[in-house]
Amino acid sequence: RGMKSVAITAHGNLFGALDFYQRAKAHGVKPIFGCETYIAPDRLDKTARKSNHMILLAKDQVGWKNLSYLNSMGYLEGFYYNPRIDKQLLREHSDGLVGLSACLGGEIAQTLEKNGVAAAEEVAKEYASMFAPGDFYLELMPTPTSEQDTLNGELKRMSKKLEIPLVATNDCHYVNRTDATAHDVLMAIQTGKSLKDEKRLKHVVDSYYMKSPAEMEAAFKDVGDAIENTAKAMPASRMLPPTNGTPAGTNSR
C-alpha cells in the first residue's frame, strides 16, 4: 500500500515483535514498536477487572526499555484477566514513549460516554502531563460507527481547547476487507461461541482492515493536521536497529 513505516500494537503484549521487525526490514518498511496496554486504577488490585486501553510507542532505546518494563510489570504484578499497568507506573516510566488515547476502549472515550465532556477533558490533561510535551495525541479513527463518529467530533473540539494534538490512526485487526468473515470465525473460536450466537463478541462493521493512505486522507480531509501528525507520532526513524539478534524496539500499531 506504499507505506514507509508501519506499527503494530498487540493487546497487552510484545510477542510478535521480532517477527514483525524481520518482515518489515525485509520489505524496506520501518517498524514501529509499541503496545496497546491495559490501564487499571490500581494494577495490584485483583478484585476489580476494570481497565482501559492506551497506546504506547517507543521512540528510542530508552522508550523501548520502558515499554518492555511496563509490559513485564503488567504480567508480573498487574495480571488480572489482562496484563495491566496503572497511571503511577506509566508516569514513572514514560521517558522515550509516545502515548495515544486509543479506541472506544480508551479512558477518555469511556469517561466521555459515562461522565461527560468536563470529566473527559480532565483525563486528557492528566495523560498529557505524563509524557514529554507534544508526545501525547488524541486518536481519531475512521471506523464507520455512530459511537466512533461522536468520539471523533469530541476529540477534535477537545484538541483545540486543550491544545493536545490529533493523530489519525487505523484500527486494524486484519489486512484486507475480505478477511472480515474469517476474522469473525476466529473470534468465535477464541471465545468458544457459535456463529449463530448473536450475543457473542463480534465487530458490527467490516472496516477493521489496513486502509490505504488515500483512504485515510479521504476520511480525515477536514483535519489535515491529524494526517500530518501520524508521521510525528510514529517515531520509526529514531529507533535504533537491534543488536545481537534482539529487536531494539518491539511491537507496534
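The second largest pocket is lined by Arg 1, Gly 2, Met 3, Val 6, Phe 20, Arg 23, Ala 24, His 27, Val 29, Val 175 and Met 210. A pocket here is an open set of points on a 1 Å grid over the protein atoms alone, with protein on both sides within 12 Å along at least five of seven lines, and lining residues have an atom within 4 Å of a point. The model is a predicted one: local features need pLDDT of at least 70 and side-chain atom pairs count only at pLDDT 80 or more, while totals for chains, interfaces and linings use all residues. Residues are numbered from 1 along each chain as its sequence is written, and side-chain values use heavy atoms, with hydrogens and water left out.

This second largest pocket comes out at about 240 Å³, where a volume is the space filled by probe spheres set on the grid points, which are joined across faces, edges and corners. Sorted by class, its lining holds 7 nonpolar, 2 polar and 2 charged residues. The biggest share of the lining, 3 residues, is supplied by helix α1 (residues 17-26). Helices (H or I, at least four residues) and strands (E, at least two) are DSSP runs, numbered from the N terminus.

Helix α1 itself has a buried side. Ala 17, Phe 20, Tyr 21 and Ala 24 are its buried residues, with buried meaning under 20% relative accessible area, exposed over 50% and partly exposed in between (1.4 Å probe, protein chains only). These four sit on the same side of α1 because they cover an arc of only 100 degrees around the axis, the arc being that of the directions from the helix axis to the C-beta atoms. The general rule is that an α-helix has 3.6 residues a turn, so residues three or four places apart point the same way. The cover over the buried residues of α1 includes β1 (5-8) and β2 (30-40), contact being taken as heavy atoms within 4.5 Å. On the face turned away from that buried side are the exposed residues Arg 23 and Ala 26. Just past the end of α1, Gly 28 takes a positive phi of about 70 degrees.

Most residues other than glycine have a negative phi. Ala 102, not a glycine, has a positive phi of about 75 degrees. Ala 102 is in the loop between β5 (97-100) and α4 (107-115) and is buried, with a relative accessible area of 2%. Glu 163 is another non-glycine residue with a positive phi, near 60 degrees, this time in the loop between α6 (146-162) and β7 (166-168).

Searching the whole structure gives 2 cavities of 30 Å³ or more, a cavity being a set of points where a 1.4 Å probe fits but cannot get out. The largest cavity has a volume of about 50 Å³, and its lining is made up of Gly 12, Cys 35, Thr 37, Tyr 38, Leu 70, Asn 71, Gly 74, Pro 83 and Ile 85. By class, the lining of the largest cavity has 5 nonpolar, 4 polar and no charged residues.

The second largest cavity holds about 30 Å³ of space. Around it are His 53, Met 54, Ser 101, Gly 106, Glu 107, Ile 108, Tyr 127 and Phe 136. Here β3 (52-58) and α4 are the elements that give two or more residues to the lining. That lining divides into 4 nonpolar, 3 polar and 1 charged residues.

As for cysteines, the whole structure has 0 disulfides, a disulfide being a pair of cysteine sulfur atoms within 2.5 Å. The sulfur of Cys 103 is 12 Å from its closest cysteine sulfur, in Cys 172, which is too far for a bond. Cys 103 counts as buried, at 12% relative accessibility, whereas Cys 172 is partly exposed, at 34%.

Lastly, Val 62 lies in helix α2 and is partly exposed, at 46% relative accessibility. Its C-alpha atom is separated by 8.1 Å from that of Leu 97, 35 residues apart along the chain.

Conventions. Nonpolar A, V, L, I, M, F, W, Y, C, P; charged D, E, K, R; others polar.
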